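Subject: Structure handover and findings

Dear colleague,

Please find the structure below, handed over for your use. The findings follow directly after it.

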Amino acid sequence: MKQFTIEDIASEGLKNFFNIFGFVKISGFFSNEIKEISKEFDALMSSKFGDMSDQNRNYLYPQFIDQNEYLTSLLEKEKIQILTNNLLGENPIYTGSDGNIFAGSTPWHRDYLIKGRSCKMLIYLEKIDGN
């Protein structure tokens, strides 16, 4: 799989890959912010669900980042603006978020039936592999 970095977010190559395959992976996009993102994620999920020790349960928190000033502020970062403008065109519209903890894998699927161009950004807080 082609991997992109933060240096590629305004590139035609990244945009072309997205247009052809429907996704891009940008390694290290939030490397400077990941510790704070993880801390805020854990705090929000704990406040919503309390004890989350059930390893067989999925946890879903709709409108997730909207509940936290720091996480919402990420939308205003220049790198987000550059990336979304490159993929979707000028002035894309934010439509919502969710926070998830999955007990297993999820098959490839489409999240929304929005007419027009859209994208969903995922931030993995744990290391993942091909499995």
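Helix α2 has 16 residues, which at 1.5 Å a residue should span 22 Å, and its end C-alpha atoms are 22 Å apart, in agreement with that value. The expected span is 1.5 Å times one less than the number of residues in the helix. Helices (H or I, at least four residues) and strands (E, at least two) are DSSP runs, numbered from the N terminus.

As to provenance, this is a predicted model, in which local features need pLDDT of at least 70 and side-chain atom pairs count only at pLDDT 80 or more, while totals for chains, interfaces and linings use all residues. Residues are numbered from 1 along each chain as its sequence is written, and side-chain values use heavy atoms, with hydrogens and water left out.

Helix α2 and its surroundings

The buried residues of α2 are I37, E40, F41, L44, M45 and F49. Seen down the helix axis, they fall within an arc of 140 degrees, so they line one face of α2; the arc is that of the directions from the helix axis to the C-beta atoms. On the other side of α2, K35, K39 and S47 are exposed. Here buried means under 20% relative accessible area and exposed over 50%, with partly exposed in between (1.4 Å probe, protein chains only). The buried residues of α2 are covered by elements that include β1, α3 (69-73) and β2 (98-101). Just after α2, G50 adopts a positive phi of about 65 degrees.

The nonpolar core

The largest nonpolar core has 22 residues, of which I26, F29, M45, F64, L71 and L83 touch the most other members. Such a core is a set of buried Ala, Val, Leu, Ile, Met, Phe, Trp, Tyr and Cys residues joined through side-chain atoms within 4.5 Å. Two or more residues of this core come from each of α1 (12-21), α2 (34-49), β1 (59-62) and α4 (78-88), and α2 gives the largest share, five residues. Not counting residues up to four places away in sequence, I26 touches F4, T5, I6, I9, L14 and L83, where contact means heavy atoms within 4.5 Å.

The strand pair

β1 and β2 pair in the antiparallel sense over four bridges; two strands pair if DSSP finds at least two bridges between them. L60 stands opposite N100 in β2.

Salt bridges

The structure holds five salt bridges, each being a side-chain nitrogen of Lys or Arg within 4 Å of a carboxyl oxygen of Asp or Glu. One of them joins E33 to K77, the closest N and O atoms being 3.6 Å apart. E33 lies in the loop between α1 and α2 and K77 in the loop between α3 and α4, so this pair ties together parts that are 44 residues apart in sequence. E33 counts as buried at 9% relative accessibility, whereas K77 counts as partly exposed at 30%.

E33 also forms a salt bridge with K79, with the closest N and O atoms 3.1 Å apart. This pair links helix α4, where K79 lies, with the loop between α1 and α2, 46 residues apart. K79 is buried, with a relative accessible area of 16%. Salt bridges that share partners join E33, K77 and K79 into one network.

With kind regards
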